[in-house]
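Colleague: Hi! Could you walk me through the aromatic side chains in this one?
Modeller: Happy to, here it is.
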Amino acid sequence: MIEALVLARFAHITALSIVLGAGFFPFYGLPKTGEDTYLHLKWLRPLLIGGAVVSWLSGAVWYALLPSDTPFASVWLFRLALTAVLIALTLSKRATGRRLEAIVVSALVLLASIALTGNSGSNDGPLALQHRLSDAVHLVASGVWIGALVVFSRLVTLSVREDRPDEMQMVHDALARFAGVGTAAVAILTLSGLTNPGLFRSSLDTAYGQLLLAKLGVFGVMLALAGANRFFLTPRLLGTLSGRGTLKIAINALRASILIETALGVIVLAMVGWLGVLPPPSFDPPRQFN
């Protein structure tokens, strides 16, 4: 049962992260033409639909595996209803600005509301609000980052497969526009992680503390790859598009880096799914002895 719950949590958080990141991508990653986004990214609609459906199915399994007397029943009923709305929004054959905004907002609320359940939702001590806010912000920021990585993995893979300079130029331009969004996401992730009460109350003598440390290690590697992408590999691609250097080598190096970063992001989400079923550190204030 624990394994099934971990898998359900992982699938749910990953699917919502993909929907959030992919739905948000057109607002910064594509030129503002006013055209239907699906005309530019034909694979975006099935990705959003698949993510929404998986998020509902995994959410239903997650809820079904919870104890019958769970205090989060009302939160979960709301979340399942909103996920059904999200599925309906993704079924449209056109991706207008307002519909994409509704998809992004729905996925954002669904990710953030996970903080009202599990360890943070169970925390009723003096740090309860801080714990839930930091968890909610952390989940949303990671969703924007990892969801964007899934989109970039698709874009760079297609550009290599089709071997068209215009597609590679699109990849470069989208990555360049992502620089500000990615920097903000990383900053928010770092700040929300540092303000999470569980970070400094975890012990390395516990499975929770050990897994949290491993998660921080993987996050550090992702940061290094993100820095390499932004400050070396993306400018290198632009140089080769301008006739300086070998284009194929530059795009393949960028693809490898993005795919590795995406895989590490998925591993982080798997760790998040696992952390939620482990006994958390104590959030009670330390006792004072006279």
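Colleague: Which residues form one aromatic cluster?
Modeller: Phe24, Phe25, Phe27, Tyr28, Phe152 and Phe178 do. Rings of Phe, Tyr and Trp (its six-membered ring) pair if their centres lie within 6.5 Å; planes under 30 degrees apart are stacked, over 60 edge-to-face, the rest tilted. This is a predicted model, where local features need pLDDT of at least 70 and side-chain atom pairs count only at pLDDT 80 or more, while totals for chains, interfaces and linings use all residues. Residues are numbered from 1 along each chain as its sequence is written, and side-chain values use heavy atoms, leaving out hydrogens and water.

Colleague: How many aromatic pairs are there?
Modeller: The count comes to 9. In one of them, the ring centres of Phe25 and Phe152 are 5.6 Å apart with planes at 90°, so that pair is edge-to-face.

Colleague: Are those two buried or exposed?
Modeller: Both Phe25 and Phe152 are buried (under 20% relative accessible area; over 50% is exposed, in between partly exposed, with a 1.4 Å probe and protein chains only).

Colleague: And what about Trp145 and Phe219?
Modeller: Trp145 and Phe219 form an edge-to-face pair, 5.9 Å centre to centre with 85° between the planes. Trp145 is buried too, with a relative accessible area of 4%.

Colleague: New topic: which residue lies over the face of Trp76?
Modeller: Arg79 does, at 4.8 Å from the ring centre. The rule is NZ of Lys or CZ of Arg within 6 Å of the ring centre and within 35 degrees of the ring normal.
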